[in-house]
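I opened the notebook to record a walk through side-chain pairs and a chain interface. The entries follow the order in which I looked things up.

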Amino acid sequence: MRALSLRQPSQGDDLLTRLQQGEPAAVGELYDAHHEALRAFAQRLVGDVHAAEDLVHEVFVELPRVIGRFRGDSSLRTFLIGIAVNHARHHVRSAQRRRAAFTRLAAEPKRAVAPPDRDAENGRFLEALQRALDSLPLEQRVAFVLCEVEERSSQEVETITGTPEATVRTRLHHARKKLREQLEREGFR
Amino acid sequence: MSERDVLRRAAKALREANPGANTGSGFTRARIMRSLHDRNRKRITRWFVLGPLAALFLGGSAWAQMTGQLPELLQHAREWVVNVYAPGEGALAVHQTGSPAHSRTSASSASPRETSSGEPPNGEAQEDEALLDAELAALDAFEEEAPEAPAVEAPAEPSAPEPSIARARPRLAPSVASDEPREAPPDPELLVFRAAHDRHFGGAAPAEAIRAYRVYLEQYPNGRFVPEARYNTALNLLRTGERARARELLEAFARGDYGGYRRERAGELLEALRAEEP
């Protein structure tokens, strides 16, 4: 999918104008270009497929209202991810509560005992990772997903989150420390 | 594994587990378009309906003032407002149709959000929070004594009876006192539902989730998770391309057979399906 940015000035300006006017077709074009990247970020951050889908929906519905804040100092994709970060709190919380509700019933085995294999091990690791991520404050979770999972630079993360680079690095440091401790506690070293 | 390795593994696992592709992305796009069109339509309605109404009101008031009939006009207007919005009482009544019906408050202890039925809705976020509260309260029900719940009607289906579904109060083991923590045996219905839920949310193939929800629905046709099971079955049917069956299930939600639960979402999905038809 082609990435839309201000590197193509006439196309970008036209699209921006149409977005500012709230034209649904313009939002649709942007969705077609960026929905996969935005969905990937939402899924990685929220940890729940349906909550992530709701977040993606919210981002694009909100876009015409906030496009006026876009200054052109980053790509539109970065701007969309910034909107997602600002709207993520409710969705992360919903997904956490859903997971916590079923974790409370985890006294009994969830599935029949299966022979250990790579997929089962990966599944257990992902579950432990999700629990570890749930224990992080949202800001640290965002920093970890953007910096480590999506491998964005701390400068780009500064643009997305609106927080200084040094703060981003501090949050990332704390996130790594807590995640490592939590995963070690669950037996993953 | 060093710290770097375990975190690198974590990042890689999260990346690979969530590549961003989703067979439902077309429906999300349709939902977005519908939301934007609805917002534009409301904005146009405000300007083209309220504008002339305001002009009419101002013009009428000016004419009434000139002809000396303003006090009488105001009296008529006051009486009209009271008759429409508060017949016999003087408080806002059921004409406030904006609040989604939280008919799923049948799940045990209602959250503060669910009991504040007089509040107007504050977007789908509030509705989702209330629905999740209901779900969590239902899951908690086997740990606490649940209060009496209103019945939820199920839609008529050829293969299932057509009862009113009363949410069953889960039973604790006789030896467990209600104030003792977590010694009650697991609720069998919850276990069956959870098995399906884990498949649905755990990334299993849609056909597998459909089968698991069918097992739950067959074993507990009047169960307390029937709405979730049916709705999630509909979502998985969409993923497998079985649109006709999915549509049938979604229409029940859009009709309000399950109160406000997923009513709007089901409507949006049905709209999207219709839009995609040639």
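How many aromatic pairs are there over all chains? I counted 12 aromatic pairs over all chains. I keep in mind that this is a predicted model.

**Entry: a ring pair in chain B**

I picked Phe193(B) and Tyr216(B). Their ring centres are 5.4 Å apart and their planes stand at 65 degrees. Edge-to-face needs an angle over 60 degrees, so I logged the pair as edge-to-face. Next I placed both residues. Phe193(B) belongs to helix α6 (residues 188–201) of chain B, and Tyr216(B) to helix α7 (residues 206–219) of chain B. The pair therefore ties together parts that are 23 residues apart in sequence.

Are these two buried or exposed? I found Phe193(B) buried, at 3% relative accessible area. Tyr216(B) is buried as well, at 0%.

I looked up Glu189(B) next. Glu189(B) sits in helix α6 of chain B. Its relative accessible area is 6%, so I noted Glu189(B) as buried. What does Glu189(B) touch, leaving out residues up to four places away in sequence? I listed Tyr216(B), Tyr220(B), Gly223(B), Arg224(B) and Phe225(B). For Arg224(B) I found a polar approach: its backbone nitrogen is 2.9 Å from a polar atom of the Glu189(B) side chain.

**Entry: salt bridges**

I counted 33 salt bridges over all chains. Arg224(B) forms a salt bridge with Asp187(B), with the closest N and O atoms 2.6 Å apart. This pair links distant parts of the chain, 37 residues apart. Asp187(B) is in the loop between β2 (164–165) and α6 of chain B, while Arg224(B) is in the loop between α7 and α8 (226–239) of chain B. Both residues are buried.

Arg34(B) is partly exposed, at 28% relative accessibility. Asp38(B) also meets Arg41(B) in a salt bridge, at 3.1 Å from N to O. Asp38(B) and Arg41(B) are 3 residues apart in α2, so about one helical turn separates them.

In chain A I noted a network of salt bridges. Asp14(A), Arg18(A), Glu23(A) and Glu29(A) are linked in it.

**Entry: where chain B meets chain A**

How many residues does the contact take from chain B and from chain A? I recorded 53 residues from chain B and 53 residues from chain A. The two chains bury about 5,000 Å² between them. Carbon and sulfur atoms account for 58% of that area.

I found 5 salt bridges across this interface. I looked up Asp32(A) and Arg29(B), whose side chains meet in a salt bridge at 2.8 Å from N to O. On the side of chain B that touches chain A, α1 (3–17), α2, α5 (123–140), α6 and α8 of chain B each supply at least two residues.

Arg9(B) lies over the face of Phe125(A), 4.0 Å from the ring centre.

Key. Residues numbered from 1 in each chain as written. Chains lettered and ligands numbered in written order. Predicted model: local features only at pLDDT ≥ 70, side-chain atom pairs only at ≥ 80, totals over all residues. Heavy atoms only, no water. Phe/Tyr/Trp six-rings, centres within 6.5 Å; stacked < 30°, edge-to-face > 60°. Helix = DSSP H or I, 4+ residues; strand = E, 2+ residues; numbered from the N terminus. Buried < 20%, exposed > 50% of the residue type's maximum accessible area, 1.4 Å probe, protein only. Lys NZ or Arg CZ within 6 Å of the ring centre and 35° of its normal. Salt bridge = Lys/Arg side-chain N within 4 Å of Asp/Glu carboxyl O. Contact = heavy atoms within 4.5 Å. Buried area = accessible area lost by both parts, 1.4 Å probe. Polar contact = N/O pair within 3.5 Å; in protein donor to acceptor, adjacent residues only side chain to side chain.
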